[in-house]
Amino acid sequence: MVKRTLSFAITIILSCPLLFGQAPANPVTAILGAFPPEMNILQEQIQQKKDTVIQQVRFTQGLLNGRQVVLAQTGMGKVNAAMTTTLMLEHFHPHELLFTGIAGGVNPRLSPGDLVIGTAVTYHDYGTLTPDSMLLRPTHNPFTLQENPVFFTCDTGLVQTARSVSKQVTFFKINDRNGGHQPAVVAGIIVTGDVFVASSPATQKFRRQLGAEATEMEGAAIGQVCWQQHVPFLVIRSLSDNASSNAASEVRTFYQVAANNSASLVMALVAALHHAEQE
């Protein structure tokens, strides 16, 4: 009787791959965002919801457009983003990770409401601070102590799919002093730092030194964790402001529509991933 019970217990344990850190049988897409408005529209579309709280972070599992997903809110800043990403990868073993949310515009040709599909992410505040400049440096892998790349490249397949499906998404129109416009969608570099940028000279520097399209506070931290753990990732941002001296007032005006547009593109991308999986 003891042997039969032990054998049954071993069978149950071996049938639970998460106990051994293995990926689940069906691909899971992880989706992160910093604030509730960036996640609520996605939460409302989730079917078969199951919430799990790990280290005070709530993870919501379910189906989104037919695909298994896990959603979580990171909170603001690089440390919160890295912590939540680490918990996500450790406990749910996603096939890929998507980040959705708002950002400040760096490219002067972009306006609030426009979207940036990240081709790469990097830090604008990591390096050596001298009396007259910031000398940007690469981060280091904490285990091997080797230098990481300065730019963490987003998965090219995800970038291509996001660009393709963006042409079929009906985004919310941006109402502004000129009467309104449909959002533009571009692909390019997104820069990250632990500051809310409200400075035209700063954005000019980001554009000149790093070729940036947008600036935010989480993307590169997520990119670093995913790159070190070999998990494909993509950062999608919709501009809430132009990161100038008017940034705070622009955020109040454009936050919700920007968050909705970013989430709309993420949902279309998830649907495309599910469709590709079925082929």
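1. Two strands count as paired if DSSP finds at least two bridges between them. In this predicted model, strand 2 (residues 47–54) and strand 3 (residues 57–64) meet that rule, with 6 bridges in the antiparallel sense.

2. Val53 has Arg58 of strand 3 as its bridge partner.

3. Strand 3 also pairs with strand 4 (residues 67–73). The sense is antiparallel, over 6 bridges. This hairpin has 2 residues between the strands, and Asn65 takes a positive phi near 50°. Leu64 finds its bridge partner in strand 4, at Arg67.

4. Helix 5 spans residues 200–210. Which of its residues are buried? They are Ala202, Thr203, Phe206 and Leu210. Viewed down the axis of helix 5, the buried residues fall within an arc of 100°, so they line one face of the helix. Pro201, Gln204 and Arg208 are exposed on the other side.

5. What covers the buried residues of helix 5? The cover includes strand 5 (96–105), strand 6 (115–123) and strand 8 (134–136). It also includes strand 10 (185–192) and strand 11 (212–216).

6. Look at both ends of helix 5. At the start, a side-chain oxygen of Ser199 comes to within 3.2 Å of the backbone nitrogen of Ala202. Ala202 is itself one of the buried residues. Just after the helix, Gly211 has a positive phi of about 65°.

Terms used: Residues are numbered from 1 along each chain as its sequence is written. This is a predicted model: local features need pLDDT of at least 70, side-chain atom pairs count only at pLDDT 80 or more; totals for chains, interfaces and linings use all residues. Side-chain values use heavy atoms; hydrogens and water are left out. Helices (H or I, at least four residues) and strands (E, at least two) are DSSP runs, numbered from the N terminus. Buried means under 20% relative accessible area, exposed over 50%, partly exposed in between (1.4 Å probe, protein chains only). The arc is that of the directions from the helix axis to the C-beta atoms. Contact means heavy atoms within 4.5 Å. A polar contact is a pair of N or O atoms within 3.5 Å; within protein, one must be able to donate a hydrogen and the other to accept it, and residues adjacent in sequence count only if both atoms are side-chain atoms.
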